[in-house]
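Trainee: I would like a close look at a single part of this model. Please take one side chain and say where it sits and what it touches.

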Amino acid sequence: MSNQSVSGRPPSGLHYFLHKSRKALKTPMPYLAFIGIGIWLLSYFLLNEYWRVSPFYKVPGPVEVVTEWLNKDPIWGTSLFTQDYYINIWVSCRRIFIAFAIATGLGVPLGLFMGWSKKFKDYTFPILETLRPIPILAWVPLAIVMFAGFETPIIYLATLASFFVTALNTMLGVESIDESYFRAAGCLGSKKHHVFLNVVVPGALPFIFTGLQISIGVAWFSLVAAEMISGDFGLGYMIMDSFMVNKYTTMVMAMLTLGFVGWITSAMVRAAGNRMMQWRERALGQGGV
Amino acid sequence: MSATAAAVTGNGASGKGAISIRNVTKIYDPGGADVLALDDCSLEIASGEVCMIVGPSGCGKTTLLNAIAGFHSITEGQIDLDGEMLCGPGKELATQGADRVVVFQNGALFPWKTLAENVAYGPIVQGIMNKAEARDKAEALLAEAGLGGVADKYPGEVSSGMARRAEIVRALINDPKVLLLDEPYRAMDALTKSIMHESLLEVYDRTKVTIFFITHDLEEAIFLGDRVVVMTTRPARTKKIVDVKIDRPRDYRLLSSEEFRILVQETKEAVHEEAVKAFEAGERELA
């Protein structure tokens, strides 16, 4: 019985992150990503600014957008050097953070109990399934009627969309847990709360985080829709506002900013998930399950 | 049909873990049509015995294990553990407990806990030990099983053989009366399997825990067992009981002995007959 080949603690924390980064640089993945983005920018440039193909020439091209973005004295009034750009980003991010936190805080526990208790599911699932298919835009008038001002209705809409996704995925996560883990917990002498904390919660985590990734995307979607319809600040408002006054460069800038910010937020959710599921990360790293 | 064990060939019973299965019947009801999984099945297992259960696929071996463990109810009959009723008239489902720990067919170590955390789990949730004590005990037992170097690994990071061995350690830390094994080595290659057998025998020689072991592998059954119970095709009854009167400790030289071959042949004939019946009936296996 030799254990030499598997002895030694695996790297953790920052070391693990560095180890993974080094490994990633040895694969073609980061380089292919660069090339992909390069190809996209090049085609965007050729279609818009070089060949000026219809209908692409009607929107500002990459050079124009980037020049404006980096302009200390922007032609259309907004760039990396103006305050209102950051206010819009900050306002949207704050709304997303609040909405996502509420949706996760309510959706995860609800989903866990729905998956765990048949009775609880029988009570709640029909309600969820009736409300969930209502498109978030259909909630807009209701949100405006219910809440005063700009802030609350917008957060309400983003929360709502995010909540349904999170609750449903969490429930499916619990239902996906192999029966033998419950049985194992039972024959090792677990009480109900032990099973909940040691089997239900960790077993559902992979689905929960898949759900949270989708949910944060959905939250951004509804947030921007709400900001476009009724907003005072925020990236959605910035898009709609610059469209109204024909500032198309600013509009594209806001769109690209949304893309970046959205990407960062889902990367953060993914990172949190990987951190909470080291067991899964490591097993995958070994080519196991 | 009833079969009782007259004498147990296992050496040195520990005085606990005697299972008495009397006239147990189990009817499943999947989608309206009743299926008889166990039919008046009786079996006495002495404390400290290694009882191997063989039979055609889907005959109801696992149903029996599930009834003992408290995963499934029984329809009729009674199962006792050391004279106390686990399930029977008025109590169709046995209460699950750490006196009967199961080692599962596909392995059921919690993937989100390290091997040491998995092993320490039982004593912690039962309130027998605090976290630090359980952790120390777990590490000591893992080291004893040759798993000291991987105690901090997750099950997904170690080989299936190591994981299965850790699962047996997780069971043994609770000092169970009975170890219930449901084809634990089914998916393993022959070499790993032989290592697993030796380590299980080593555990048995040390603890003398009663072992209820389901398998398809007849050589495994004879090599490990004190008795091999051949079950009929569904509905399962005990068809034949083969006494394995071979001294312990056993090792791999046994496999090439004449005595061993004769026992395997004897068992094979009984099982084959049932396997043919099961195949001809063409019934789907029960989970």
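Mentor: A polar contact is a pair of N or O atoms within 3.5 Å; within protein, one of them must be able to donate a hydrogen and the other to accept it. Keep in mind that this is a predicted model. The part to look at is B:Glu157, whose side chain makes a polar contact of 3.4 Å with the side chain of A:Arg282. Along chain B, B:Glu157 lies in the loop between α3 (131–144) and α4 (160–172). Its relative accessible area is 7%, so B:Glu157 is buried, the cut-off being under 20%. As for distance within the chain, B:Val103 is 54 residues away from B:Glu157 in sequence, and their C-alpha atoms are 19 Å apart.

B:Thr114 is found in the loop between β6 (100–103) and α2 (115–125). B:Thr114 counts as buried because its relative accessibility is 7%. Beyond its neighbours within four places in sequence, B:Thr114 has contacts with B:Arg135, B:Ala151, B:Asp152, B:Lys153 and B:Tyr154.

Now for the confidence in the chain that holds both residues. Chain B has a mean pLDDT of 87, with 92% of its residues at 70 or more. Residues 1–14 of chain B have a pLDDT below 50, although this stretch has 29 contacts in the model beyond near neighbours in sequence. Where pLDDT is low, predicted coordinates should not be read in detail.

Terms used. Residues are numbered from 1 along each chain as its sequence is written. Chains are lettered from A and ligands numbered from 1 in the order in which they are written. This is a predicted model: local features need pLDDT of at least 70, side-chain atom pairs count only at pLDDT 80 or more; totals for chains, interfaces and linings use all residues. Side-chain values use heavy atoms; hydrogens and water are left out. Helices (H or I, at least four residues) and strands (E, at least two) are DSSP runs, numbered from the N terminus. Buried means under 20% relative accessible area, exposed over 50%, partly exposed in between (1.4 Å probe, protein chains only). Contact means heavy atoms within 4.5 Å. pLDDT is the predictor's confidence in each residue, from 0 to 100.
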